[in-house]
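I am opening a notebook on a structure that is new to me, and I want to record in order what I looked up in it.

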Amino acid sequence: MNLLIEAYRQPESIRRLGTADWDLLVRQARHANLVGRLFLRLQSAGVEADIPEQPHNHLLSGAVMASEQRHAIRREACFLREALKPAGITVILLKGAAYVAAGLPAAQGRLFSDVDILLPKERLGDAESALMLKGWASTATDDYDQRYYRRWMHELPAMRHVFRGSALDVHHTILPPTARLKPDARLLIEASVALPDLPGVHTLSLPDLILHSASHLFHEGEPDNLLRDLTDLDLLLRHLARDDTAWDGLLERAVQLQLSGPLRLALRYCHRLLGTPLPERIAARSRCLADTGIVQHMLDGIYARVLCPQHPSTADRFTPLARRSLYIRAHWLRMPPLLLAYHLAHKAIFPPKQETHPLSTEQQG
Amino acid sequence: MKIRDLSLAEFRARLGGDGIRLATGPFNCRLQSGIPELADELARLYAHHPLIDDKPFIDFHVGVQPGHGLRRWIAPQARFIVDAVEPFTPLPRGQALPMLEWGLNWCVTAYCHHILVIHAASVARGKHAAILPAPPGSGKSTLCAALVNRGWRLLSDELTLIRLDTGQIMGLARPVNLKNASIDIIRAYAPDAFLTRPILDTTKGTVALMAPTQASVEAVGEWADPAWMVLPRYRAGSDATLTPMGSGTAFMQLADNAMNYHVLGARGFKAVGDIIDRTRNYSFEYSRLDDAIAVFDHLAAEGMAE
């Protein structure tokens, strides 16, 4: 039972929820990392007063947490600008950090764990040195991971600031160089736009943010944040739709960046699951709603199960298969078969440690 | 119906099944565990807490479960689980009970930003409450446990919850976490209180949990007004001495111990300021519990007189 998508699509529907439904809704929202966003959605739909006190406390808490992150992200963007200025490198924000810094609706209630930036590949070495001078250090755990990232990936191993603890991903393009799709990062950098109220900080242009989000979502192998990412796309597309002609520009840009495939899936699932408005000519031109082919049916089967809160209450007997298929598909899209075999074999022999933390309330705050 | 109204067999069956649903102050919790040996002590720690009706809203769905596979038998583990997610590294199975307590505390600090959450004990006399923020090792929990066994009402041992609208403290009345030497001190000081067996070698040393008094649990819904902020420090051989603290220092003490101060931003700043405007602030040095209680009783008498 997927209460979360129902509440997100039809905020007024929450008036029909009983206590047990609210209990489940909050849990689903927490598993989808959408607690804060759901609150803001209900609030802006004018139904906040219909939320009973206890779930209200939880949803509000999520929104409070997200709004605090907004300050942190804007401040972090300024630190990055200062760190990279001596090397003459412009900060170009991607994903959540870009939504926040540009004040886009997709920032609403968004929780995230790191800042992502894009820079030209030939400046990667300079950038890494400049960042290390200002306190960012690589977190890669072992030599294999270091080599893997530097040789095959589109980003450096994640960095973390030694004092602030803030995480940073430095990208030189938006998909791994080994992936079948090869968007040209220079085009993204050339089209990036300066932020008026954060001088010296850029973000990708709105169509490029959408295409990046779509390509990220449909190359991702872990389902945990997929629904959250789909709501990002929903909010970005609704924002783009303020100008009806921008839709055509988006499709053309997708062709230019070789990202028509991910965009097609993004439009399909945004429209179907979240009711994102889509002009008919765009649906026709992108053929995003067409139900043809066995591959499309398989994808629908997989994404119906992973584009939902990854909570036991939404799982069916095919969910484990869908999750496994998603993982394999993601790797298949990102790597040639031999490299994939080598990588999976290495990860099977040396499984990565689980990311858990010792339990202590005293280390918090 | 209270937890104490369940037979141990019934309690154990529910704990191992769909879970025990109980209210701890403003939070409804569902506790599950496949570790049957903790049932007895858990039932006694929460004896006076109310069970809640059939299907109410649950704030925290938590459990402690045994390790997977061989881990049931070799170096057995306890895993803390909150709604199918396991956020922490497992602990040895013998630490399942404190793990459940610490995990519940973690839920409050992770999920509750509609209130200010301060890492502090708080106790009340009537409507007036004393907040005791302090670093580990300061004797905060010992003092708190002693006060609770001498007529003060336990609001909370570990997390003080402040409403942002009224500035009042909402009680939790959950078990008090006693460490190392304070376990025997409190056993001797309050022989009637229920303490769990000592659990050795935790990250906090040896710990034992003390059940909150029945009166504290029954009055948990009565929110209290912060009247004093007392920063305790145990020093062997010292006389019980209250020293007034400047409001700037007091503000920083509370802000430093507020777990979600930075999350609340301006609201956090205002909430801490509002508390400090209402409280008399002291640092407090003590060694003998009876003397310490006398000082607190004197504060309470002054508070009543006003």
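**Conventions.** I noted that this is a predicted model, in which local features need pLDDT of at least 70, side-chain atom pairs count only at pLDDT 80 or more, and totals for chains, interfaces and linings use all residues. Residues are numbered from 1 along each chain as its sequence is written, while chains are lettered from A and ligands numbered from 1 in the order in which they are written.

**Chain A.** I looked up the secondary structure and found 16 helices and 7 strands in chain A, where helices (H or I, at least four residues) and strands (E, at least two) are DSSP runs numbered from the N terminus. The radius of gyration of chain A is 21 Å, close to the 21 Å of the globule rule for 365 residues, so chain A is as compact as a globular protein of that length; the radius is taken over C-alpha atoms, and the rule is 2.2 Å times the number of residues to the power 0.38. Along the principal axes, the C-alpha atoms of chain A fill a box of roughly 55 × 55 × 50 Å. Buried residues make up 42% of the 365 residues; a residue is buried if 20 or more other C-beta atoms lie within 10 Å of its own, exposed if 12 or fewer, and partly exposed in between, with C-beta atoms placed from the backbone.

**Two residues with positive phi.** Asn33(A), a residue other than glycine, has a positive phi near 60°, and I found Asn33(A) in the loop between α2 (19-31) and α3 (35-44) of chain A. Arg287(A), also not a glycine, has a positive phi near 50° and lies in the loop between α13 (280-286) and α14 (294-306) of chain A. Which of these is buried or exposed? Asn33(A) is buried, with 23 other C-beta atoms within 10 Å, whereas Arg287(A) is exposed, with 12 other C-beta atoms within 10 Å.

**Chain B.** I counted 10 helices and 16 strands in the listing for chain B. The radius of gyration of chain B is 19 Å, close to the 19 Å given by the globule rule for 306 residues, so chain B is as compact as a globular protein of that length. The C-alpha trace of chain B spans about 55 × 40 × 35 Å along its principal axes, and buried residues make up 51% of its 306 residues.

**Domains of chain B.** Chain B is divided into domain 1 (3-111) and domain 2 (115-305), with bounds that come from an automatic or database domain assignment. The centres of the two domains, taken over C-alpha atoms, are separated by 25 Å. Their contact takes 17 residues from domain 1 of chain B and 23 residues from domain 2 of chain B, two residues being in contact if their C-beta atoms, placed from the backbone, lie within 7 Å. On the domain 1 side, α2 (39-45) and α3 (96-111) of chain B each supply at least two residues, and α3(B) gives the most, with 6 residues.

**Between the chains.** How many residues does each chain give to the contact? I found 31 residues from chain B and 26 residues from chain A. On the chain B side, α3 and α8 (261-264) of chain B give two or more residues, and the largest share, 7 residues, comes from α3(B).

**Helix α1 of chain B.** In α1 (residues 8-16) of chain B, Phe11(B), Arg12(B) and Leu15(B) are buried. Seen down the axis of α1(B), the buried residues fall within an arc of 95°, so they line one face of the helix; the arc is that of the directions from the helix axis to the C-beta atoms. On the other side of α1(B), Ala9(B) and Glu10(B) are exposed. The cover over the buried residues of α1(B) includes β1 (20-24), β2 (27-33) and α2 of chain B.

**Core.** The largest nonpolar core has 198 residues, and those with the most contacts inside it are Leu93(A), Ile117(A), Val117(B) and Val123(B); such a core is a set of buried Ala, Val, Leu, Ile, Met, Phe, Trp, Tyr and Cys residues joined through C-beta atoms within 7 Å. This core draws at least three residues from each of domain 1 and domain 2 of chain B. Leaving aside neighbours within four places in sequence, I listed the contacts of Val117(B), among them Val108(B), Cys112(B), Leu159(B) and Met259(B).
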